[in-house]
Amino acid sequence: MTPSVLFLCVHNAGRSQMALGFLRHHAGDRATAYSGGSAPADQVNPVAVAAMAERGIDIAGERPRRWADADLEAADVVVTMGCGDECPYVPGTRYEDWPLDDPAGRDLDAVRPIRDEIERRVLALLSELGIPRG
């Protein structure tokens with residue numbers, strides 16, 4: 001069975017998009033990933049796109065969106081990143097909260113450490129799920 005991870009934040013434009021990119025990159029088809037926000041932005045944060053491009057991961061084609069009930073129902077793990085009370089809760093689903101700075105309004109030098117911490121956490125999650133790094 002392929003585990004499914006849902007990444008949630010407010011705008012679905014930075015943190016959750018970077019996490020989605022890293023999980024897809026490192027897990028390949030060994031896991032399924034989704035992302036969503038409580039108040040989706042109009043576009044993915046261009047600085048987050050640039051930070052991920054430095055790592056060879058293209059998230060430029062992603063579009064911020066609100067999470068869907070189907071995403072919540074399919075998720076084995078829900079990772080929240082700053083959406084607070086707006087994040088939905090489904091009893092019986094594994095939840096993790098990753099308190100990470102929001103990259104919105106920050107320059108590339110400030111976003112790099114956020115990106116790197118997201119990657120570290122994604123890799124740890126994959127290890128916990130028994131998914132080898134691709």
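Let's start at E117, which is partly exposed, with a relative accessible area of 21% (buried means under 20%, exposed over 50%, and partly exposed in between, using a 1.4 Å probe and protein chains only). This is a predicted model, where local features need pLDDT of at least 70, side-chain atom pairs count only at pLDDT 80 or more, and totals for chains, interfaces and linings use all residues. Residues are numbered from 1 along each chain as its sequence is written, and side-chain values use heavy atoms, leaving out hydrogens and water.

E117 sits in helix 4; helices here are DSSP runs of H or I with at least four residues, numbered from the N terminus.

Now let's turn to helix 2, residues 46–53, whose buried residues are A48, V49, A51 and M52. Looking down the axis of helix 2, these buried residues fall within an arc of 165°, so they line one face of the helix (the arc is taken from the directions from the axis to the C-beta atoms). They pack against helix 1 (15–27) and helix 4 (108–128), where contact means heavy atoms within 4.5 Å.

How do helix 2 and helix 4 meet? Their axes, lines fitted to C-alpha atoms over the stretch in contact, with angles running from 0 to 180 degrees between N-to-C directions, come within 9 Å and cross at roughly 65°. Helix 2 contributes V47, A48, A50, A51 and M52 to the contact, and helix 4 contributes L108, V111 and R115.

Methods. Helices (H or I, at least four residues) and strands (E, at least two) are DSSP runs, numbered from the N terminus.
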